[in-house]
Structure formats: structure tokens, C-alpha cells
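This report looks at charged side-chain pairs.

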Amino acid sequence: MTTWWTLLPSPVDDLLLTTDGSALTGVFFSPHKGIGQGDRVGEAWIRDDDHPVLGDAGRQLQQYFSRERREFELELAPPGTDFQRRVWDALRTIPFGVTRSYGAIAAQLGLPPGASRAVGLANGANPISIVVPCHRVIGTSGALTGYGGGLERKRFLLDLESDLLF
């Protein structure tokens, strides 16, 4: 399967965007671990800064960071298990500027309270950061908990969204 990619400058550092040609498959925070060295970016991946899927995703992300967009309108195809995709679909129902706990996501999916850890693991494996708003998930106590992009980025994204609420 071919993967196309580009880099998008953003206020949270360069974002690596990927597509399978028809849908967005990834939005990854820097560091990208060796572009062209077969780590995050596969050796057979093709850089295409003009790919229509990547261009549309880049424009919508720039609008989000410019406070002109609250919802993304993109075709998504995140690679993952059925359970992970269920969690990621639930994340997409969290309204802009709102946070939910891992337990609340588990309950939304009809899972027992102890499933919040599994929800947290799926949340952490989300390959389409920002667009699938894993940054909106917090601990039950309201504390910011681990975030693959780092807690500073999580705080930045939550602050960006709270600044837009009126």
C-alpha cells in the first residue's frame, strides 16, 4: 500500500500528514523519527506536498490554528483495531472546547468502568492527532494526563479551543 506524506508547519511544531491516496491516515507530532530513514516515514513512502488529500487536511488544520475552524470535514482512514476505531469515533463526538474523561468515553461505548485504561491505551494510539481530538480526553479528576504529543501541546490545544468559546 502506498503512503503519501507532507510536513505542515504549525504552532505545535511541524506536523507529519499522511494519506493512503483517498483519506487522511495520520497527523503526527514532531519529532518524526528519521524522515527517509524508514522509521515514522516508511522508506517506500512518497513525499507529495501537492497531494489533494494532504492539501485539504493542511488547509483545515491551518484554519483550526488560525481560529477559523472548529470542526474538520475530512475523510479519515486511521489504521487500527476495531476497538481502537470505536474509541476514535467516540472521540470525534466530543464537542469543540469540551473535555471528557477516559471513564466517560468507556461509558459512552457501553463498557464497564474498569475499561477506562483500555480507552486510554486506544486514545494514546490515535494516529490522527488534533483531527481526532484525543487532546480533549482528561483524567477523571480533571487533571491533564499523558499525551503522545506532550502535555505542553495538549495544554496549547485545549487553551486554543477554550479561547474560541464565548
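## Terms and basis

Buried means under 20% relative accessible area, exposed means over 50%, and partly exposed lies in between, with a 1.4 Å probe and protein chains only. By that cut-off, Glu-161 is buried, at 0% relative accessibility.

The model is predicted: local features need pLDDT of at least 70, side-chain atom pairs count only at pLDDT 80 or more, and totals for chains, interfaces and linings use all residues. Residues are numbered from 1 along each chain as its sequence is written, and side-chain values use heavy atoms, leaving out hydrogens and water.

## Salt bridges overall

The whole structure holds five salt bridges. Each needs a side-chain nitrogen of Lys or Arg within 4 Å of a carboxyl oxygen of Asp or Glu.

## Glu-161 and Arg-136

Glu-161 and Arg-136 form a salt bridge, at 2.9 Å from N to O. Glu-161 sits in helix α5 and Arg-136 in the loop between α4 (116-124) and β6 (137-138), so the pair ties together parts 25 residues apart in sequence. Helices (H or I, at least four residues) and strands (E, at least two) are DSSP runs, numbered from the N terminus. Arg-136 is buried, at 5%.

## Asp-13 and Arg-153

In the salt bridge of Asp-13 with Arg-153, the closest N and O atoms are 3.8 Å apart. Asp-13 lies in the loop between β1 (4-8) and β2 (15-19), and Arg-153 in helix α5 (residues 151-163), so this pair links parts 140 residues apart in sequence. Asp-13 is partly exposed at 38%. Arg-153 is buried at 16%.

## Asp-49 and Arg-47

Asp-49 and Arg-47 meet at 3.0 Å, N to O. Asp-49 is partly exposed, at 45% relative accessibility. Arg-47 is partly exposed too, at 45%.
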